[in-house]
Amino acid sequence: MDAINVLMLLRGIARDAAPIAYFYLLFSIDLIKESKSLSNKLTAKGSLPSFFNMGLIRKVSIEEYWNKHSPSKSTPWFRCMFSRNRFQNILKFLHLVDTKKLPKRNDPAYRPSQRFKPLLDFVNRKFLRFYNPRRELAVDEFLVGTKGKTSMLQYIPSKRSRFGVKFWMLVESVTGYVLQMNVYHGKRFDPTPAGTLQGTNEVMNLMKSSNLLGKSFHVFADSFFASLNLSKKLLRERTYLTCTMRKNRPMPQMIKNARPQKGMLFIRDKDKSFFAVSETTIEKNQSHWCLLSIILLIH
């Protein structure tokens, strides 16, 4: 199913509706008016189209969008909307919340994401309001690259940007449609409770906040999130898990010590769980167990 078919499933929109109708489902006029009010009315009418167009036309810096000296790199559309200085003022004064009412850095209620958290909460509500996902879901991390100075800054060498703000994402596996996303504030503001794994907490938080537990959904995740504890927690909520399990994490000895030659190994645990596993060899002769599924046995 492609992105167009996803939009066709959104509620209340005719098949031949204009693209702007879909945009206003997720980004309502009320939100636009609020952002204009909080930005001292410096947000020009063309600012949103400019933001989206910059996502389609990638350049090394904002100044390059107003470049007149190189005809091959010129993009006159931006100059027709407003001047470069005008656009940079819009960026400077654009706010989604009243900054005068936000907690200060030394306040216990302070959160690094408080300037954009209302927008994040808003779109999370919209994501689930207009779309019913298929059974197969996926959880992963996503890094939004930034050169800004923030306590949320993370370094992930495997990502393209390497430095940025990390988001935990819950998406539909087939289409990639985002169902829920949470920002990671760092160890100081988002500590992992003792005796638990960060990945387990994030998966449960995403599933709870999206209200998808207890509805027979099937979650797919990589080894960072995988644990037997997570699978049991999800199983108690009638939710299933497929993931790659690291050998250094707790698991039944009969799985850890098994040496199947080919194919899969099926094992029943005493807690009425049914495991389908297979061993895979990756670089440097390290072995991972792929926990294919955990199914509740009904008697």
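Q: What makes up the secondary structure of the protein chain, in helices and strands?
A: The chain has 10 helices and nine strands. Bear in mind that this is a predicted model.

Q: How much of the protein chain is called buried?
A: Of the 299 residues, 39% are buried.

Q: Why is H185 called buried?
A: Its relative accessible area is 5%, and the cut-off is under 20%, so H185 counts as buried. You'll find H185 in the loop between β4 and α8.

Q: What is H185 in contact with, leaving aside its neighbours within four places in sequence?
A: The list is R111, P112, S113, S151, M152 and D190. Contact here means heavy atoms within 4.5 Å.

Q: Why does E141 count as buried?
A: E141 has 18% relative accessibility. The limit is under 20%, so E141 counts as buried. E141 sits in strand β1, and apart from neighbours within four places in sequence, E141 is in contact with I156, K159, K166, F167, W168 and F225.

Q: How do you know that β1 pairs with β3 and with β5?
A: Pairing takes at least two bridges. β1 and β3 have nine, in the antiparallel sense, while β1 and β5 have three and run parallel. Each count reaches at least two, so each is a pairing. To see them on screen, look for V144 opposite V165 in β3, and A138 opposite F220 in β5.

Q: Which residues of α4 are buried, and why are they said to be on the same side?
A: In α4 (residues 47-56), the buried ones are S47, S50, N53 and M54. They cover an arc of only 120° around the axis, so they're on the same side of α4. In general, an α-helix has 3.6 residues a turn, so residues three or four places apart point the same way. The cover over the buried residues of α4 includes α5 (76-81) and α6 (84-93).

Q: Which residues have the most contacts inside the largest nonpolar core?
A: L170 and M207, in a core of 38 residues. Elements giving two or more residues to this core include α7 (117-129), β1 (136-145) and α8 (198-209), but the largest share, six residues, comes from β3. Another core, of seven residues, lies apart from it, with M54, Y65, W66 and I90 among them.

Q: What does M207 touch, not counting residues up to four places away in sequence?
A: M207 touches L137, L170, L212, L213, V219 and T239.

How values were computed: Residues numbered from 1 in each chain as written. Predicted model: local features only at pLDDT ≥ 70, side-chain atom pairs only at ≥ 80, totals over all residues. Heavy atoms only, no water. Buried < 20%, exposed > 50% of the residue type's maximum accessible area, 1.4 Å probe, protein only. Helix = DSSP H or I, 4+ residues; strand = E, 2+ residues; numbered from the N terminus. Arc of directions from axis to C-beta. Core = buried A, V, L, I, M, F, W, Y, C linked by side-chain atoms within 4.5 Å.
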